[in-house]
Each structure stands twice: as structure tokens, then as C-alpha cells.
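Morning, everyone. Let me put the model up, and then we'll go through charged pairs and the core.

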Amino acid sequence: MINFIIEYWMQISFGFLISIVSLLYRKAVSHKKKIEKMQEGIQVLLKIRIIDTYTNIIKNEYITYNEKELILEMYKSYKSLGGNGVIKGLIEKIDTLEVRNN
């Protein structure tokens, strides 16, 4: 009788443990997907901002030290999020511009 009770409670405990592990796994996967979507959104926002900044800088035909520092920081973040080579080309063009004081 005691063996039956111990075995019964072990099965319930094991089932409960499996349920908790499964729930935690699903939450972790869901959390990972949300983080990936946020990273994609940030990457898109950085891309838009870099392109806008590039457009304004090209019109002026020069870049200030602050603008260059900011755009290189944005590019660094963009690249670390998996950005592609499209923005790299813009950065290379920006590097050829004259740098002026503010």
C-alpha cells in the first residue's frame, strides 16, 4: 500500500515538474521572439535615422564633428543588430565629406 502511494505521488510530482518546465520553456521562447522583434524594430528605426541624416548631410556637402560621431554610433548599433551593407555604402560616402566645426 505504501509503495502504491509513493509511486502515485512520484508520478504526480513528475507530471507537475514536466508541466512547469514546459510552461517555462514556452515563456522563454515567447520572450525571445519579443526581443527579436524589438531588435528588428530598433534596427529599422536606426536605418531610417541614418538615411535621414545622410540626406541632410549630403545637401550641405559637409559634416560636423558631432554629426559624424552620432552617425557612426548609430551605424555601430545598426551593424551590431545585424544591419546589411546598404547603410555601409552611405557611411563610406559620409567618410569622404569635409568635416567642419559646429
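K37 is exposed, with a relative accessible area of 57%. Exposed here means over 50%, buried under 20%, partly exposed in between, with a 1.4 Å probe and protein chains only. This is a predicted model: local features need pLDDT of at least 70, side-chain atom pairs count only at pLDDT 80 or more, and totals for chains, interfaces and linings use all residues. Residues are numbered from 1 along each chain as its sequence is written, and side-chain values use heavy atoms, without hydrogens and water.

K37 meets E40 in a salt bridge, 3.8 Å from N to O. The cut-off: a side-chain nitrogen of Lys or Arg within 4 Å of a carboxyl oxygen of Asp or Glu. Both residues sit in helix α1, three residues apart, about one turn of the helix. Helices are DSSP runs of H or I, at least four residues, numbered from the N terminus. E40 counts as partly exposed because its relative accessibility is 42%.

The structure holds four salt bridges. Another one is D95 with K68, closest N and O atoms 3.5 Å apart. That pair links distant parts of the chain: D95 in helix α3, K68 in helix α2, 27 residues apart. At 18% relative accessibility, K68 counts as buried.

Now the core. Which residues touch the most other members of the largest nonpolar core? Of its 14 residues, they are I50, I63, I71, Y75, Y78, I87 and I91. α1, α2 and α3 each supply at least two residues. Such a core is a set of buried Ala, Val, Leu, Ile, Met, Phe, Trp, Tyr and Cys residues joined through side-chain atoms within 4.5 Å.
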